[in-house]
Amino acid sequence: MLDIATGSRLWSRETSANAPLSPPAVADSSVLVASPDSLRCLGLADGDKKWNEKLPAELRGQVRPLLALSGERAFMVQREYMRPGRLCSVDLETRTIDWKREVGRPFTILSRGGVVCLRGQQIVAYEAASGDRRWSRRAEGCSPLTTSNGVLHFVDSAGDGRLVGVEMASGRTAWEIDGVRSCDAFIRSNGIGYVKTRGGTLHAFRLDSSPKL
């Protein structure tokens, strides 16, 4: 944990000597991180361990897990080499598995507003409460998923490439910008969107409030 004003280190903790860890996720006063066999919770202020929940054998993986938080739930994808992944929902209060399902081989996860989105060979959205599949669409490329105002953002690298915004609830296209190819995240702030393209150029787009650009 670093001080954002100075960059100085506030605390650090080793949570796993050998296992690959997911990126950390923050919920209220806690930091959560997943390993291939467990979900760990640390205190945000001091890094002290709050709890460590071992996963059942059928939900353990071999490579770096994916982790996202939304509300009182954690969503994890446990992955193995060359095999489908397993997505599960964990109730953070009781630390029990609400549901689980087999998924493809996603490389990024995002959850907001009752929807869990995974991106691999295609983008798939699931109901956060039940794990039911809500919508899917094919999109080539390697950019992570981001969101703002109920719209999911990603780069589809097919053809000449394009930056795409789709409604998280329905999967309908909200807007598109042609000619964008990138493996970096699209970030939106104060009506302007930013993305670094493969050529190393940072682009800024002014976005209208209407569904079309």
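Mentor: In this predicted model, an open sheet of 3 strands runs in the order 17-18-19, with antiparallel pairing. Its edge strands are strand 17 (187-189) and strand 19, each of which pairs on one side only. On average, neighbouring strands of this sheet are turned by 25 degrees against each other, direction ignored; the axes are lines fitted to C-alpha atoms (for helices over the stretch in contact), with angles running from 0 to 180 degrees between N-to-C directions.

Trainee: Why is L202 called exposed?

Mentor: Buried means under 20% relative accessible area, exposed means over 50%, and partly exposed lies in between (1.4 Å probe, protein chains only). L202 has a relative accessible area of 62%, and therefore counts as exposed. This residue is found in strand 19 (residues 202-206).

Trainee: What makes I187, Y194 and L202 a patch?

Mentor: Patch residues have over 30% relative accessible area and no salt bridge; like charges are joined within 9 Å, and nonpolar side chains (Val, Leu, Ile, Met, Phe, Trp, Tyr) within 5 Å. I187, Y194 and L202 form a nonpolar patch on the surface, with about 300 Å² of accessible area together. Such areas come from the Shrake-Rupley method with a 1.4 Å probe, and for residues only the protein chains shown count as cover.

Trainee: Is A174 buried or exposed, and how do you know?

Mentor: The relative accessibility of A174 is 11%, so A174 counts as buried. A174 belongs to strand 16 (residues 173-178).

Trainee: How do you know that strand 6 is mostly covered?

Mentor: Of its 8 residues, 7 are buried. Strand 6 also has partners: strand 5 (residues 66-70) pairs with strand 6 in the antiparallel sense over 5 bridges, and L66 has V77 as its bridge partner. Strand 6 and strand 7 (residues 83-91) pair in the antiparallel sense over 7 bridges, where M76 has C88 as its partner. Strands 6 and 7 form a hairpin with 2 residues between them, and M82 in the turn has a positive phi of about 60 degrees.

Trainee: Why is the aromatic pair of F75 and W99 called tilted?

Mentor: Rings of Phe, Tyr and Trp (its six-membered ring) pair if their centres lie within 6.5 Å; planes under 30 degrees apart count as stacked, over 60 as edge-to-face and the rest as tilted. By this rule the count comes to 2 aromatic pairs. For F75 and W99 the centres are 6.2 Å apart and the planes 40 degrees, so the rings pair and the pair is tilted. F75 lies in strand 6 (residues 73-80) and W99 in strand 8 (residues 96-102), so the pair ties together parts that are 24 residues apart in sequence. Both F75 and W99 are buried.

Trainee: What makes D98 and R73 a salt bridge?

Mentor: The term requires a side-chain nitrogen of Lys or Arg within 4 Å of a carboxyl oxygen of Asp or Glu. The closest N and O atoms of D98 and R73 are 3.2 Å apart, so the pair qualifies. D98 lies in strand 8 and R73 in strand 6, so this pair ties together parts that are 25 residues apart in sequence. D98, at 35%, is partly exposed, and so is R73, at 26%.

Trainee: Why is E80 called buried?

Mentor: Its relative accessible area is 16%, and therefore E80 is buried. E80 forms a salt bridge with R83, with 3.3 Å between the closest N and O atoms; R83 is partly exposed at 49%.

How values were computed
Residues numbered from 1 in each chain as written. Predicted model: local features only at pLDDT ≥ 70, side-chain atom pairs only at ≥ 80, totals over all residues. Heavy atoms only, no water. Helix = DSSP H or I, 4+ residues; strand = E, 2+ residues; numbered from the N terminus. Pairing = 2+ DSSP bridges.
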